[in-house]
Amino acid sequence: MNKLIQYLDTIRPLSGPLREHLSAIVNTKALQRKEYLLKKGRICSEVCFIEKGLLRCFYLKEDKEVCSWFMMEGDVIVSVESFFKQQVSHETIQALEDCILHSFNYDDLQKTYDIFPELNYHARLLTEKYYTLSEQRLYSLRMQRAQERYEYLINNFPHIIQRVPSKYIASYLSITEETLSRIRSRH
């Protein structure tokens, strides 16, 4: 919980009353490697701050997993459309390592926004951060060749290369494992 408060304080220091409120509503849980935070077909009921560990998000396309992103320590993880619309998710979120997560459920978060408008500032900046990352990912997929996508990944997210199995990296880059192997051998 302290890591979450410290993280939010880096965006803008929290007031004492908001700190106390968060302490009362935030849940901390452990997630084991390979365990699911969310499965396709369920509603995402929580947004989580990752204190420890690494998770991946993926979709199923013709029974094949397609990785769409990875989140690790210091990141916020949520199935955006499912959480904010409170509708069934099209994606799955799975732990790639043992994790410690701090979560807000949907109803508590909405009430907290009303009671403590200052939290809306934090939410706006986090939304801007993750929307920008999403746009960068889309640009990379649409406009860059496989080699360029790989270079972008290692230059901007080197920890992913070290911690994520090759098959998931290849899926994330929209290439085959064989192509990834060839790119790595030239790099």
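Which residue of β8 is the bridge partner of V47? In this predicted model, that partner is F104.

If you look at how β3 sits in the model, you will find it mostly covered, with five of its seven residues buried.

Strands in a sheet pair through backbone hydrogen bonds, and the pairing can be parallel or antiparallel. Another part of the model to look at is an open sheet of four strands, in the order β2-β7-β4-β5, with antiparallel pairing. Its edges are β2 and β5 (64-72), each of which pairs on one side only. From one strand to the next, the twist averages 30 degrees.

Inside this sheet, β4 (residues 54-61) is joined to β7 by four bridges, and the two run antiparallel.

## Two loop residues

Now for the loops. S89 lies between α3 (80-85) and β7 (92-95), and is buried, with a relative accessible area of 3%. Leaving aside neighbours within four places in sequence, S89 is in contact with L38, K40, G41, R42, S79 and S82.

E35 has its place in the loop between β1 (27-31) and β2 (36-38). Is E35 buried or partly exposed? At 34% relative accessibility, E35 counts as partly exposed, because that value falls between the 20% and 50% cut-offs. Not counting residues up to four places away in sequence, E35 touches I93, Q94 and A95. The C-alpha atoms of E35 and E97 are separated by 9.0 Å, although these two residues are 62 apart along the chain.

An α-helix has 3.6 residues a turn, so residues three or four places apart point the same way. With that in mind, take helix α2 (residues 16-25), whose buried residues are L18, H21, L22 and I25. They cover an arc of only 100 degrees around the axis, which puts them on the same side of α2. The face turned away from this buried side carries the exposed residues E20 and A24. Among the elements covering the buried residues of α2 are α1, β1, β8, α4 (106-115) and α5.

Helix α6 (residues 146-156) can be read in a similar manner. Its buried residues are A146, Q147, R149, Y150, L153 and I154. These cover an arc of only 165 degrees around the axis, and therefore lie on the same side of α6. They pack against α5, α7 (158-163), α8 (166-172) and α9 (177-186).

## Where α1 meets α5

How do α1 and α5 cross? The axes of α1 (residues 2-11) and α5 (residues 118-143) come within 10 Å and cross at roughly 85 degrees. That makes α1 roughly perpendicular to α5.

From α1, the contact is made by Y7, L8 and I11; α5 contributes Y121, H122, L125, L126, K129 and Y130. By class, this contact has seven nonpolar residues, one polar and one charged.

Technical notes. Residues numbered from 1 in each chain as written. Predicted model: local features only at pLDDT ≥ 70, side-chain atom pairs only at ≥ 80, totals over all residues. Heavy atoms only, no water. Axes fitted to C-alpha atoms, helices over the stretch in contact; angles between N-to-C directions. Parallel < 35°, antiparallel > 145°, perpendicular 65-115°, else oblique. Contact = heavy atoms within 4.5 Å. Nonpolar A, V, L, I, M, F, W, Y, C, P; charged D, E, K, R; others polar. Buried < 20%, exposed > 50% of the residue type's maximum accessible area, 1.4 Å probe, protein only. Arc of directions from axis to C-beta. Pairing = 2+ DSSP bridges.
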